[in-house]
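This briefing sets out computed features of the structure shown below.

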Amino acid sequence: MLLGLDHVTSFYGKTPILKDIGFDLHQGQCLCVLGRNGVGKTTLLRTIMGLTDRMTGDIQMSGANISTAPTHQRAKYGLGYIPQGRQILAKFTVKENILLGTFARSDGLGEVPPLCLSLFPYLAENLEKQAGLLSGGQQQQLAIARALATNPKILLLDEPTEGIQPNIVHEIGQTLRRLNTEFGITLILTEQHIKVARKLGDAFLMMENGRIVARGPIAEMTDELVERHMTI
Amino acid sequence: MPPSRLLKHKGRPRHAPDAQWRRGIGDVALGNSLSADIAPIANALILGLSIASIWLIAALGLAIIYGAIGVINMAHGEFIMLGAYTSYALQSFFGLPFLLCIPAAFIVVAFIGLLLERGLIRYLYKRPLDTLLATWGVSLVLTQLVRLTFGSDPKYIAVPEMFQSNVQLGFVNLSVLRIFVFALTIVLVAATAFLFYRTRFGMQVRAVMQNKEMAASFGINADRVYMLTFALGAGLAGVAGSLLGVLAIVLPTMGTAYVVQAFLVVVVGGGTILGSVVASGLTGEFQSVLAYVTNETFARFLLYLLIVVLLRFRPAGLFAPAKARR
């Protein structure tokens, strides 16, 4: 088991947003977290990163209990985070943004890892460009490159295809698939596009109101389930 | 007393022996009828650079702490004062040469800053107004502690012999000490800029400044960055203290005099290193030229007026970075 959550309840202020979440994730899996807006998908990823105000329960990563570890230490366990809205540092150059990821590495590499450049040729050609000037799709690529620079075991992707034009959605989907199958990086992604989820994922969690209401291999994600928990 | 020594009015913030000193060079310059027109202005401009370097060195630590952490450190003046007393104590009790007192003041005051950050400031990062009040309280405590330890009579840091002479540059007569302060200011500003813009640590600081959560998500310990930055800012104030202590006199209340200038530089500059350099240069030159045209006190009045007008139109300073405050 690579990552395991056990009875995790997570709070903003005094309000529990996630309630009693538990799941196991194995090396090389791709887990899709699905649900409508506001059911706690983002909070789930933020809880794994330790960015919520408080949590109870246990989070295990590679056999270590990281429930009480601060965010910067969790990153070093091999969690690469691609947050909602991408949150690249606008005043940094493309290169500096990628280098930011290297602070979470354990091998002390202080350069841009070659993988980041070979996956995203546009970034490789614009390393000195200010990141705030990139388009949405380019920023998403940069956010993925930055997370990859941490040499992650798991990538946490929060709606990676949100607000991105369709042809780039396809491109990002392919990149993620390669990372998962070719490089063996485990993925957790929240997604609103059922198509992307079906194409990429091999397991799913369906959430509603801060709880997991359905789970299983992606093949078991029936239209009926989608209908019940995702249509508005 | 060496010519560079400032005769300080009791309780009245005076920066440098500008008036007296200029009178001295004015006499020299007027002796040459050819350069009588430009000489005084050239003197004023060069003196302005010297004033600028003094204000900049006083402001550097404050700018770093404000720019990187967003804390307005009201105890900055007292860090300067502690630097001056550190140099004074090391020199007069242990006979440490002045040039070694400068790095020693850096280390001692940085350590005091570190203790203050760990013991107090870090609990207040989410409450900026409380930091203001708390650091002001700290400044009172530090002033009083030093007064109780060293007394309220002025202390002097002996000027090393190599700094006691004056040099003639064209028609401008400059004390070596002031040239040394000017040079050291350049070195420190360059070193600080290098640290912030060319090193891994600097990148961590700039990342935390932009987005603390993202920085943490990529393995940066923001707590540690804040701690080290605060200590660095305090240490720079310590260096400023040993320089200002040797330019002027050492008093428990000397911090209040310098902190006003330091705040002006930081506010006008907008909190960045480059902004502080430009702001100190402008304010220093304005002060010097205005003082040449009018007098010292009226120049200060005009300068403050100009700054008020400037802030009316550019409230965030000359080089306002569009930053998201934590």
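F150(B) lies in helix α5 (residues 128–150) of chain B, where helices (H or I, at least four residues) and strands (E, at least two) are DSSP runs numbered from the N terminus. The model is a predicted one, in which local features need pLDDT of at least 70 and side-chain atom pairs count only at pLDDT 80 or more, while totals for chains, interfaces and linings use all residues. Residues are numbered from 1 along each chain as its sequence is written, chains are lettered from A and ligands numbered from 1 in the order in which they are written, and side-chain values use heavy atoms, with hydrogens and water left out.

**Surroundings of F150(B)**

- F150(B) is partly exposed, with a relative accessible area of 21%; buried means under 20% relative accessible area, exposed over 50%, and partly exposed in between (1.4 Å probe, protein chains only).
- Leaving aside residues up to four places away in sequence, F150(B) touches Y85(B), Y88(B), A89(B), F93(B) and K155(B), contact being defined as heavy atoms within 4.5 Å.
- Between F150(B) and A89(B) there are 61 residues of sequence separation and a C-alpha to C-alpha distance of 9.3 Å.

**Chain B as a whole**

- Chain B contains twelve helices and two strands, and its elements follow the order α-α-α-α-α-β-β-α-α-α-α-α-α-α from the N terminus.
- Of its 326 residues, 54% count as buried.
- Among contacts in chain B between residues at least 6 apart in sequence, 77% join residues at least 24 apart.
- The UniProt annotation "transmembrane region", from an unreviewed entry, covers residues 44–72, 92–116, 128–150, 170–197, 225–251 and 257–280 of chain B; UniProt positions are given in the numbering used here, feature names are shortened, and annotations may be inferred rather than shown by experiment.
- Residues 44–72 of chain B are 90% helix and 0% strand, with end C-alpha atoms 32 Å apart.
- Residues 257–280 of chain B are 88% helix and 0% strand, with end C-alpha atoms 16 Å apart.

**Annotated domain of chain A**

- UniProt, in an unreviewed entry, places the feature "domain: ABC transporter" at residues 3–232 of chain A.
- Over residues 3–232, chain A is 34% helix and 28% strand, and the end C-alpha atoms are 32 Å apart.

**Interface between chain A and chain B**

- In this interface, 26 residues of chain A are in contact with 18 residues of chain B.
- The two chains bury about 2000 Å² between them, 62% of it on carbon and sulfur atoms; buried area is the accessible area (1.4 Å probe) that two parts lose on being put together, summed over both.
- In chain A, H72(A), K91(A) and F103(A) lose the most area to chain B, together accounting for 33% of what that side buries.
- Nine residue pairs are in polar contact between chain A and chain B, both residues being at pLDDT 80 or more. A polar contact is a pair of N or O atoms within 3.5 Å; within protein, one must be able to donate a hydrogen and the other to accept it, and residues adjacent in sequence count only if both atoms are side-chain atoms.
- On the side of chain A that touches chain B, the elements giving two or more residues are α1 (41–49), α2 (71–76), α3 (94–102) and α6 (136–148) of chain A.
- The largest share of that side, five residues, comes from α3(A).
- The residues of that side divide into 14 nonpolar, seven polar and five charged; Ala, Val, Leu, Ile, Met, Phe, Trp, Tyr, Cys and Pro count as nonpolar, Asp, Glu, Lys and Arg as charged, and the others, Gly among them, as polar.

**Salt bridges**

- The structure holds twelve salt bridges over all chains, a salt bridge being a side-chain nitrogen of Lys or Arg within 4 Å of a carboxyl oxygen of Asp or Glu.
- Two salt bridges are counted between chain A and chain B, and one salt bridge pairs E96(A) with R206(B) at 3.0 Å, N to O.
- E159(A) and K41(A) meet at 4.0 Å, N to O. This pair links distant parts of the chain, with E159(A) in the loop between β7 (154–158) and α7 (166–181) and K41(A) in helix α1, 118 residues apart. Both E159(A) and K41(A) are buried.
- R228(A) forms a salt bridge with E224(A), with the closest N and O atoms 2.9 Å apart. Because R228(A) and E224(A) are four residues apart in helix α9 (residues 223–230) of chain A, about one helical turn separates them.
- E117(B) and R118(B) form a salt bridge at 2.9 Å, N to O. Salt bridges that share partners join E117(B), R118(B) and D223(B) into one network.
- E117(B) is buried, with a relative accessible area of 0%, whereas R118(B) is partly exposed at 22%.
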